Amino acid sequence: MPVKILSVDDEIDLELLLTQYFRRKIRKGEYEFKFAHNGLEALTMLLKEKDFDIILSDINMPEMDGLTLLTKINEMQNPALKCIMVSAYGDMGNIRQAMNNGAFDFATKPIDLDDLSVTIEKAIEQITYIKQMQKEHNQLESIKGDLAVAREIQQAILPRIFPPFPENVDMLDIAASMNAAKDVGGDFYDFFRIDDDCIGFVIADVSGKGVPAAIFMAVSRTLIRATGIRAVSPSECITYSNGLLEKESVNNMFVTVFYGIYNIKTGEVKYTNAGHNPPYVLKQNGSAEKLPVTGNMAIGIFGDYEYQEETLQLEHGDTLLLYTDGVTEAINPREEEYGDERLRKLLCQSNKLTCQEIIDTVKADVKTFADGEEQSDDITLLALKRL
């Protein structure tokens, strides 16, 4: 696209002078000149044609002078539109006022066209830079908008209605929360009914952060849910999911997962822990202990791997708390980690709380500990209590 230059001057001879001097650039399509004879005429053209790049304006003109025109151009708030002001050599007061009011540069009459050509080239460099910055800014705004929509979608696919199983509200309390460190996250939780007696529940943490982790998160969550509702055992579910995810893994991404099946009537939990943080069991007596480490690796690393499962018995009033490492690895300004022991002590004081109250308590304590330090990882919790 040619650089569009609007020359504003009441001297008609200037048109011929400019078109003759810049004729080669005009013929090549590099420059396009338009002409106005006073500020008012120029302003009318600027309002009709929004794509001018450079205004070459005399200061002393009838009807609307160049300084007034410059003020009107400033009101358009177009940083890519550059004004070069022209006046008599001795008119330094007006030239100085024009520069103070935002003119890009100036030229004095009689105009040295070689010098004007250099000034125009400098203006073009500035305009090109500004337009590139505007383009990148618009791209970033578009990405920001897309990320906001992606965040809404990601939150929408996670269960958010509590209690999720109102028909069992007198036997089961369950709550969960996910707070991404960025616009979108790689953590997820889920729970779903398998049959009248059993529900599946899962918490997971995808390696990495941001958009790639969020996409892999959505794939992992869908795969585990689709497999789990078929009423297969936890070990079968994770083994099958791992085989498929390993084939889809890009850039060596993997997922740590804790998947369990809870029997609402008996309180039995069958589970497979695939490299995830061992959950805590909060007992009625106020103790809080971690489940033993199972030795299973995260999923998505090796496709040919058989996962093992374990069994846990929840007594009435017991709570199982699952969490991602965004909780225990939260950092404060002194670069100290929140840590497992701090979490355990807090949970020992929380055994009488509801699942939602436990989650809110942990999140509030982590926030207090972080003391304003930026969240560096997704924070996700899931609590399940036998009533």
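Tutor: Before we look at this predicted model, here is one term: a pocket is an open set of grid points with protein on both sides within 12 Å along at least five of seven lines. The largest pocket here has a volume of about 270 Å³.

Student: What makes a residue part of the lining of that pocket?

Tutor: It needs an atom within 4 Å of a pocket point. For the largest pocket, 16 residues line it. Val366, Lys367, Ala370, Gln375 and Ile379 lie nearest its centre. Helix α11, residues 355–370, supplies the largest share of the lining, four residues. Sorted by class, you get five nonpolar, five polar and six charged residues.

Student: Which residues line the second largest pocket?

Tutor: That pocket holds about 220 Å³ of space, and its lining is made of Met1, Pro2, Val3, Lys4, Asp51, Asp53, Ile124, Ile127, Thr128, Lys131 and Gln132. Two elements, β1 (3–8) and α6 (113–157), each give two or more residues, and α6 gives the most, with five.

Student: Why does that lining count as having four charged residues?

Tutor: Asp, Glu, Lys and Arg count as charged. Lys4, Asp51, Asp53 and Lys131 are in the lining, so they go into that class. Its other residues are five nonpolar and two polar ones.

Student: Now the inside. Why is a group of residues called a nonpolar core?

Tutor: Its members are buried, come from a set list of residue types that includes Val, Ile, Phe and Tyr, and are joined through side-chain atoms within 4.5 Å. The largest such core has 49 residues, and Phe201, Val257, Tyr259, Tyr262 and Ile299 have the most contacts inside it. Strand β8 (residues 198–206) gives the most, seven residues. Another core lies apart from it, with 22 residues, among them Leu6, Ala42, Ile55 and Leu69.

Student: Which residues does Val257 touch, beyond its neighbours within four places in sequence?

Tutor: Among them are Val202, Ile203, Ala204, Ile224 and Ile299. They count because contact means heavy atoms within 4.5 Å.

Student: How do you know that strand β14 is mostly covered?

Tutor: Buried means under 20% relative accessible area, and five of the five residues of β14 (319–323) are buried. In a regular strand, side chains alternate between the two faces of the sheet. Here Thr319, Leu321 and Tyr323 are buried on one side, Leu320 and Leu322 on the other, so both faces are covered.

Student: Why are β11 and β14 called paired?

Tutor: Pairing takes at least two bridges. Three join antiparallel β11 (residues 280–282) and β14, so they pass. Leu282, for instance, partners Thr319. Five bridges join β14 to β15 (residues 379–386), also antiparallel, with Leu320 opposite Leu384.

Terms used
Residues numbered from 1 in each chain as written. Predicted model: local features only at pLDDT ≥ 70, side-chain atom pairs only at ≥ 80, totals over all residues. Heavy atoms only, no water. Buried < 20%, exposed > 50% of the residue type's maximum accessible area, 1.4 Å probe, protein only. 1 Å grid on protein atoms, 1.4 Å probe; cavity = no way out; pocket = protein on both sides within 12 Å on 5 of 7 lines; lining within 4 Å. Points joined across faces, edges and corners; volume = space filled by probe spheres on them.
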